[in-house]
Structure formats: structure tokens, C-alpha cells
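Welcome! Take a moment to look over the structure below, and then we will walk through its rings and its overall build together.

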Amino acid sequence: MHARIRKAAFAALFLPVSFATVLSAQQASSAPSPKEGDYVSSDFRFKSGETLPGLRMHYATYGTPARNANGWVTNAVLLLHGTSGTGRQFLAPQFAGVLFGPGQLLDVTRYYVILPDNIGHGKSSKPSDGMHAHFPQYDYDDMVALQHELLEKGLGIDHLRLILGTSMGCMHAWVWGEIYPDFADALMPLACQPVQIAGRNRAWRKMVIDGIRDDPDWKNGEYAAQPLSALEVAADMFFIAGGAPLLMQKSFSTREATDAAAHDFAKRFIADHDANDLLYALNASRNYDPSAQLEKITVPVMFVNSADDFINPPELGIAEREIKRVKKGRFVLIPISDQSHGHGTHTWAAVWQQYLKELLEASP
């Protein structure tokens, strides 16, 4: 069965969501250390009707909130990570080194930058903490509601200068713009689509989820050791989906180099992931669909995808069509080049920082 799943995964190339989840510890450690903390929601109620007493939201912050004469926070920036990642993805030098320094666009001496670990991820409450497959079935609306609660109740933030989200965080940015249309001055979604997940994007998610559930070693979520065959399939998918064709061809120009890179990637991926956590994170997208209410978004939006993104291929034409319904929306497609990184272009800020500059200048 597992060999069949692996063969089907490679043949169909229905693959996952966030390459930033596999940044090495060495990459992340080059950024200055933020302040870290935990907010505990006493009795959060999920859309499913489930509750989780003592739900923990971990976060990190840079800088200090600044308030205007009316007491509103004016300099808070919320950065939202991708599927199975954490807020630490934004500490990588290709992001923090380009945006967080003195005089840079998100200079942390000027801005109050907030990096949450979303529920199910990182140091926040997640299935692998002990509930396993009995953990509440959260979705993207729940995740955004918890981000909002963290800001208002945990950090005392009543307004955001900017929401910037990558991959899953990109989709969260669209949800934010519709549910809380006046909370942020501007939105910058990177690497997603503002429509329900269907077609190939839906197919690979179900494939990964079924691969985990069908693995006998998963044991209905009550495994003592990780179901390795399922995680190996997921790792292979992430390797392809997060990569960039041009960059990979140049970096791995021989069979031996490619095989070695894929093996090393899989080894690190499996070491860093839990099967239940991954299953829940992927399944959280099951009812995402902001398309019906895009007209509710009234703040400036800078929507950026890259032409070599396997997960959001430009030939679908979805982004160009849907952005016309956003009053102050603009869509930018980053062309394929030696500087683009496929789906992972969302974390290489040098490629798109000019558009962030334009967004900050165009919003209040």
C-alpha cells in the first residue's frame, strides 16, 4: 500500500503548501531574538461546537506598540506563517535580514511586529500535545478568530498597520479582510488564491490526509512512533511543491545531486513533523472560500504570487479575475528568474519588497 501511495504521489504531483516550514535552525538563528510569550484562552469555542479549555497561543514580538492621540495602536504588524510552519519562518535572513533592520520597510525599532504560532503549530496548542486525533477540528475561521483574540485580549492591540501572510497565512489575510474589515490598514497576501480550494490543490491535500489515515502505523492517531511511510510521502510532496523548477535544475544538475537533496530534505522534514499535527493543519483548509465576500474588503491589498509556484500556477487566471472585485486591490505576478523560489518566493523579501513599499505608501 505504501509503495502505491508513494508512486501515485510522484506520478500525479498533487503536492503541499508551505516550503518555509523546513528552514534550518542555522538559517533562523541569524536573526536577533524576539520576545516570546503565551496567551491562554480560557474556553475557546470552535465553529464545530467543540471547546478547548486553556488553549495556548504562542507568539513572539519585536518592538513596542505606539499609540495616537485617540489611544489607537498605529505601528502593529501581524505576520502569518504557512501550513505546518511557525512564526520563526520570518526570522530567516532572506526575510528578517531584508525587512527588520534599521531603515528597512518593517524596521523593528519603528514597528511592533507580531509573529504568532497558529493553533496546531509550533508552541501553540496542537494534537501532539496529548489529545492526538481527539483535538478539536479547527479551520481557518477558527485560526483567524484566535489571532484576533490574541491581539485584543492578549496583547491589547486594537488596530494593525499591516497584515502580511504567506501561503496559509496568505489565505488568513483574505479571511481577516472580510471578517474584520476595519482592523488593519493594509493587507499583503503572498502565495495563495482567494477562492475555495479545488482541483489539483484540493486533490493533493486529500491525498496527504488519506496517506496518513491509511497508514496502519497511524493507529487512528494513537501511535507510539510516527507513521514513517505516510510522513515520507508528505516529505516528497513538500520537496516538489516548495521548489522552483529553474532553481532546482541549476542546483541539482545531476541525478546524484537531486537524489541526495531529496533524501536530506525528507530526513529533516520527518524529524520536524508529527503526523497528527500535519493532518490537522492540512485539513483546516477544507472549507476555506473567501470568494463570495471579496467586495467587503475596503483597505488597500497588494496580492503577490510567483510564476513558478507549483501550488498556485499562473495559468489558472484566478488571481487576475478575483482581484478586480477588491476595491483597492492590486495583483502582481513575480516572473520566473534566478531570484524566484517557487512557492517559497513568499519568504524571499528582496524579490517583492518594492511592492510592500508601495502598499505602505498607499495606505493611511
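Rings of Phe, Tyr and Trp (for Trp, the six-membered ring) count as a pair if their centres lie within 6.5 Å. With that in mind, a search of the whole structure, which is a predicted model, finds 17 aromatic pairs. Here are two of them:

| Pair | Centre to centre | Angle between planes | Arrangement |
|---|---|---|---|
| Phe 95 and Phe 100 | 5.8 Å | 85° | edge-to-face |
| Trp 176 and Tyr 180 | 5.0 Å | 50° | tilted |

Why is the second pair called tilted? The planes of Trp 176 and Tyr 180 stand at 50°, and planes under 30 degrees apart count as stacked, those over 60 as edge-to-face and the rest as tilted.

How covered are these residues? Phe 95 and Phe 100 are both buried. Trp 176 is buried too, with a relative accessible area of 1%, while Tyr 180 counts as partly exposed at 22% relative accessibility. Ring pairs also join Phe 95 and Phe 100 with Tyr 62, Phe 90 and Trp 352 in a cluster.

Now step back to the whole protein. It has 12 helices and 8 strands, and 57% of its 364 residues count as buried. A compact globule with 364 residues would have a radius of gyration near 21 Å, so the 20 Å of this protein agrees with that. Along the principal axes, the C-alpha atoms fill a box of roughly 65 × 50 × 40 Å.

Finally, the surface: the protein exposes about 15000 Å², and carbon and sulfur atoms supply 54% of that area.

Key. Residues numbered from 1 in each chain as written. Predicted model: local features only at pLDDT ≥ 70, side-chain atom pairs only at ≥ 80, totals over all residues. Heavy atoms only, no water. Helix = DSSP H or I, 4+ residues; strand = E, 2+ residues; numbered from the N terminus. Rg over C-alpha atoms; globule rule 2.2 N^0.38 Å. Buried < 20%, exposed > 50% of the residue type's maximum accessible area, 1.4 Å probe, protein only. Areas by Shrake-Rupley, 256 points an atom, 1.4 Å probe, with all protein chains shown as cover.
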